[in-house]
Amino acid sequence: MENILTIKNIAKSFTLHNVNKHIKAIDDIDIYVREGEFVGITGKSGSGKSTVLKCIYRTYLPQSGSIWYDSKKYGPIDLAYATERQIIDLRKNEIGYVSQFLHVMPRTTARELVQQAILEMGHGRESAEQEAEKMLRHFELDPALWDSYPATFSGGEKLRLNIARAMVKRPRLLLLDEPTASLDNSSKVKVRELMEQLMAEGTTMLGIFHDLEFMKNLCHREYNMQNGRLITRVEMLDV
Amino acid sequence: MDDFMTPLLSIKNVNKQFGDGCDTCLQQEKDVLIKNFCPVCGTVYSCQDITFDLYPGEVLGIVGESGSGKSTLMRCLYFDQDVTSGEAFIRSYKDGKANMFEESAQQKRYIRNHVLGKVYQNPLLGLRMNFSSIGNIAEKLIAAGNRNVGHMEDRGRALLTHVNIPTYRMKEAPKNFSGGMQQRVQIAKALSNNPPILLLDEVTTGLDLSVQASVLDLIKQLQRELNISIIIVSHDLGVIRMLADRTMVMLDGKVVEQGLTDQILEDPQHPYTQQLVHSLV
Ligand SMILES: Nc1ncnc2c1ncn2[C@@H]1O[C@H](COP(=O)(O)OP(=O)(O)O)[C@@H](O)[C@H]1O
Ligand SMILES: [Mg+2]
Ligand SMILES: [Zn+2]
């Protein structure tokens, strides 16, 4: 199997000019992910897990190293150096990102939010409507909420919507930053079900999960981080 | 290159100065400037070497403090003022081969009426306050060569409905309207001839917060539906965060940083941007 993602020697630090601080977040990170795999990153809070994901998604600008992603459209492309326009394209069509935080758009209902995710991939309105409903139903978001504004939702509802929006695109590569951290158990089960389904459909995932139980029997490889560095890599054989 | 990767508008090395410059500021490094101002001759360098691309269907935010050159840049792009030097190419105009700053006055008028729409912070600049709202739109349609009254009425009504101006107020003059409504009429007017590019300069500045939110919502909605490209200028990073895919940060007439909006917000590189982001949270 080919690598869909090959991270070599990534480092990222932050220079905060106004307080004269230099923060080393991660250093010397090597990670690979094969197509169709689920790879987990573990480690204490502050160890650099999210920084790795944000460098891949280019919310952070990595300082050095390379992040080779095997794109459907562009072929092998180094996400650390891709143009902003390419990143925008990849975010729309190939790479998804889910965190605990929902970036709500003003005056956009839950239903529209999920539909838009499909529309921006260039699908027709009708299929967007159907897919959105299916996804909202799967996450058991109360139909009474579908046409209201997510700003008023509870934390759990927002999160389910957030995940629905990312998953409805069936991205080639899905980055997950502790999306289930504040979810109740039944919601976690929903997320896991959908992850299994996405994996079956070919989505590759790289995720941070606090709850190791959650990753059990799903994970092909686990990287453990400490103080901004990778400490161990564990291959799980029986998936 | 595919359509997605080809800029709709390319701005190259745009300079705008007020004053002729002197030996000190022309010959030497621009280090002598105090912010954007030459202390020897008083020349103001409002826009210095501005280069950027605008892509189809994207919202580009320009943020920076008051006086950083944002509005000057917008005025140059809309031919409200002449550039001192620089180039701009529009893909859909003469195959992207003509520097629009060097076109004839007539051609510039054509570009203004067909390719660009602009909404000003001050509605007095964008609207005829004594014309009816629908008359304001007709004016823009006529400027683009329309003569059919029935068609113009239909178009005006559709546009004003789109920006939530009730039918029974369409014949009313904008001078009777609230600030938020005036901005919505301005937006409708700017969209009259279906321009692929919309320039928005501080369009929500000075409005009440709730009105501000509704105008921003409208912009977002229009952008989605019409898939136009928008340059939105604001001193308010909150506005930019809400709307822009990519963001350019200006300081003292220069672009100090540009990037994906989430990157600018979460990993700002320049001290000024860091300060700006810091004051947002
Ligand atoms: N007509 C003018 N004459 C002289 N200086 C000007 C003129 N217009 C703008 N400037 C100067 O150019 C700089 C940029 O202004 P402006 O484009 O309005 O900034 P912004 O829109 O970012 O607030 C400021 O220093 C301003 O004083
Ligand atoms: Mg201004
Ligand atoms: Zn001078």
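**View 1. Contact between chain A and chain B in the predicted model.** In this predicted model, 27 residues of chain A are in contact with 24 residues of chain B. The size of an interface is often given as the accessible area lost when the parts come together. For chain A and chain B, the buried area comes to about 2,200 Å² between them. Carbon and sulfur atoms account for 54% of that area.

**View 2. Salt bridges and polar contacts across the interface of chain A and chain B.** Four salt bridges are found across this interface. One of the salt bridges joins Lys54(A) to Glu266(B). In that pair, the closest N and O atoms are 2.7 Å apart.

**View 3. The side of chain A that touches chain B.** Three elements of chain A each supply at least two residues of this side: strand E1 (3-16), helix H1 (49-57) and helix H2 (84-93). Which element gives the most to the side of chain A that touches chain B? H2(A) does, with eight residues. Sorted by class, this side of chain A has 10 nonpolar residues, 10 charged residues and seven polar residues.

**View 4. Polar atoms of chain B beside oxygen atoms of ligand 1.** Asn36(B) places a polar side-chain atom 2.9 Å from an oxygen atom of ligand 1. Gly67(B) and Gly69(B) take part through the backbone. A backbone N or O atom of Gly67(B) is 2.6 Å from an oxygen atom of the ligand, and for Gly69(B) the corresponding distance is 3.0 Å. How much of ligand 1 does the protein bury? Taken alone, ligand 1 exposes 560 Å², and the protein buries 66% of that.

**View 5. The shell of residues around ligand 1.** There are 13 residues around ligand 1. Those that come nearest are Ser46(B), Gly67(B), Lys70(B), Ser71(B) and Thr72(B). Gly67(B) is also the residue with a backbone N or O atom 2.6 Å from a ligand oxygen. Strand E2 (44-54) and helix H2 (70-77) of chain B each supply at least two residues of the shell. H2(B) gives the most, with four residues. By class, the shell has eight polar, three charged and two nonpolar residues.

Conventions: Residues are numbered from 1 along each chain as its sequence is written. Chains are lettered from A and ligands numbered from 1 in the order in which they are written. This is a predicted model: local features need pLDDT of at least 70, side-chain atom pairs count only at pLDDT 80 or more; totals for chains, interfaces and linings use all residues. Side-chain values use heavy atoms; hydrogens and water are left out. Contact means heavy atoms within 4.5 Å. Buried area is the accessible area (1.4 Å probe) that two parts lose on being put together, summed over both. A salt bridge is a side-chain nitrogen of Lys or Arg within 4 Å of a carboxyl oxygen of Asp or Glu. A polar contact is a pair of N or O atoms within 3.5 Å; within protein, one must be able to donate a hydrogen and the other to accept it, and residues adjacent in sequence count only if both atoms are side-chain atoms. Ala, Val, Leu, Ile, Met, Phe, Trp, Tyr, Cys and Pro count as nonpolar, Asp, Glu, Lys and Arg as charged, and the others, Gly among them, as polar. A residue is near a molecule or strand if one of its heavy atoms lies within 4 Å of it. Accessible areas come from the Shrake-Rupley method with a 1.4 Å probe; for residues, only the protein chains shown count as cover.
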